[in-house]
Amino acid sequence: MAGASAKKDNSFSTVSPLKTPLTDEQEQEIAATRRETTPTLRAVVPALEEILYKPVSVLDHGFVRVIDYMGDDAAIVQAARVSYGKGTKKVNEDAGLINYLMRHRHSTPFEMCEIKFHIKLPIFVARQWIRHRTANVNEYSARYSILDREFYIPHPEHLAAQAKTNRQGRGELVEGVEAARVFEVLKHDSTQVYEHYIEMLNEDESGKPIKEQNKGLARELARMNLTLNYYTQWYWKVDLHNLMHFLSLRADPHAQYEIRVYAEAMLDMLKRWLPITYEAFMNYRIGGGKPVRQRLERHPRNAGRQAGQPRIQRHEQGRME
Ligand SMILES: Cc1cc2nc3c(=O)[nH]c(=O)nc-3n(C[C@H](O)[C@H](O)[C@H](O)COP(=O)(O)OP(=O)(O)OC[C@H]3O[C@@H](n4cnc5c(N)ncnc54)[C@H](O)[C@@H]3O)c2cc1C
């Protein structure tokens, strides 16, 4: 992993800011980490350094941030040529080689690069995500710690009915009185289960018992009544080959919107990290080839899209697991 000589930059303005800010303490920790720089002989990618450690907002309380990375475009070329030095030649020759490797589905040169993310995501998204077995994961322990009172409520434009043609997807929007009732139910239930969670734990915010005479239920048991829209967090480390496999499945319009937006944010990070590989990936792999890439990029909603925003938001294209 790169111990990078990052330039000093504590601003959060280069990426889409979090709608729900981190706590002051968390922001200070990130700023302090960004101030520490280490000279290194290893590959450093300035465009990724710009956003290193900074969270990019996803959904209403979620985020993705890059914690560490190893390698750059040149590292793929270096490994493919099994070089003693940097291994790179002219930029166009390196791009030609990366394109060739991607087109012919060579995998091991891409496994030489790695990236580590910190992701905050609703539990029902985490259940889909964890099916990708080829990553290293360490999740926030709700046996050890108390979960935050943070749950996902969809934006009205993503509140949709079951698709009529696709059994796994969404169809028309749910609107008006019906939508209002759905939001009421979601908010009420999510709030209530958290109140019961705290009641069973018998702990107030400062860790003191709420009722002196009660023992309080163990954290590992009290969590079981929380709904799937509660947020969890994990560190997720993956090599580039398996990251691209994940992105090809989860940035695809067939993936459920709520996981797709994470994959979209990570695609932007991939573009910063490995611009040549990103181009080859978008041309030969994403969604199975160029037509999908062109559809994603030409979609009117994607005109003027900011980094971290989803490329496509058509709820009717989402598919659930
Ligand atoms: C749109 C969509 C809908 C889905 N719907 C459902 C659903 O309804 N129900 C459901 O259960 N899942 C569903 N899934 C999950 C899906 O079946 C996969 O489990 C998930 O996408 C992870 O893919 P993977 O196994 O290729 O990834 P990884 O686990 O990262 O594996 C990457 C690759 O490594 C190889 N590999 C890894 N482990 C093994 C192994 N033990 N044996 C052999 N090869 C291995 C395979 O080649 C695999 O493709 C859905 C996924 C998507 C994207």
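Which exposed residues sit on the face of H4 turned away from its buried side? They are Asn92, Glu93, Tyr100 and Arg103.

The structure is predicted, so to speak of a local feature a pLDDT of at least 70 is needed, side-chain atom pairs count only at pLDDT 80 or more, and totals for chains, interfaces and linings use all residues. Residue numbers start from 1 along each chain as its sequence is written.

**The chain as a whole**

The protein chain has 11 helices and 7 strands. Both are DSSP runs numbered from the N terminus: helices are H or I with at least four residues, strands are E with at least two. Of its 321 residues, 32% count as buried. Among contacts between residues at least 6 apart in sequence, 73% join residues at least 24 apart; a contact means that two C-beta atoms, placed from the backbone, lie within 7 Å.

**Helix H4 and its partners**

Let us return to H4. This helix has 13 residues and reaches 18 Å from its first C-alpha to its last, close to the 18 Å expected at 1.5 Å a residue. The expected span is 1.5 Å times one less than the number of residues. The buried residues of H4 are Asp94, Leu97, Ile98, Leu101 and Met102. They lie on the same side of H4 because they cover an arc of only 135° around the axis, taken from the directions between the helix axis and the C-beta atoms. These buried residues pack against helix H3 (73-80) and H10.

H4 (residues 91-103) and H10 (residues 275-284) pack at an angle of about 35°, with their axes 9 Å apart. The axes are lines fitted to C-alpha atoms over the stretch in contact, and angles run from 0 to 180 degrees between N-to-C directions. The crossing is right-handed, that is, the near helix is turned clockwise from the far one by less than a right angle. From H4, the residues Asp94, Ala95, Ile98, Asn99, Met102 and Arg103 meet Ile276, Thr277, Ala280, Phe281 and Tyr284 of H10. By class, this contact has 7 nonpolar, 2 polar and 2 charged residues. Nonpolar covers Ala, Val, Leu, Ile, Met, Phe, Trp, Tyr, Cys and Pro; charged covers Asp, Glu, Lys and Arg; the others, Gly among them, are polar.

His104 lies in the loop between H4 and strand E3 (114-122). His104 and Tyr284 are 180 residues apart in sequence, yet 9.3 Å apart in space, C-alpha to C-alpha. Arg105 is in the loop between H4 and E3, and its phi is positive, about 55°, although it is not a glycine. Tyr53, in the loop between helix H2 (46-49) and strand E1 (56-58), has a positive phi near 75°. Most residues other than glycine have a negative phi.

Glu264 belongs to helix H9 (residues 257-273). Glu264 and Arg250 are 14 residues apart in sequence and 8.4 Å apart in space, C-alpha to C-alpha.

The table gives the neighbour counts.

| Residue | C-beta neighbours within 10 Å | Class |
|---|---|---|
| His104 | 8 C-beta neighbours | exposed |
| Arg105 | 10 C-beta neighbours | exposed |
| Glu264 | 25 C-beta neighbours | buried |

Key: A residue is buried if 20 or more other C-beta atoms lie within 10 Å of its own, exposed if 12 or fewer, and partly exposed in between; C-beta atoms are placed from the backbone.
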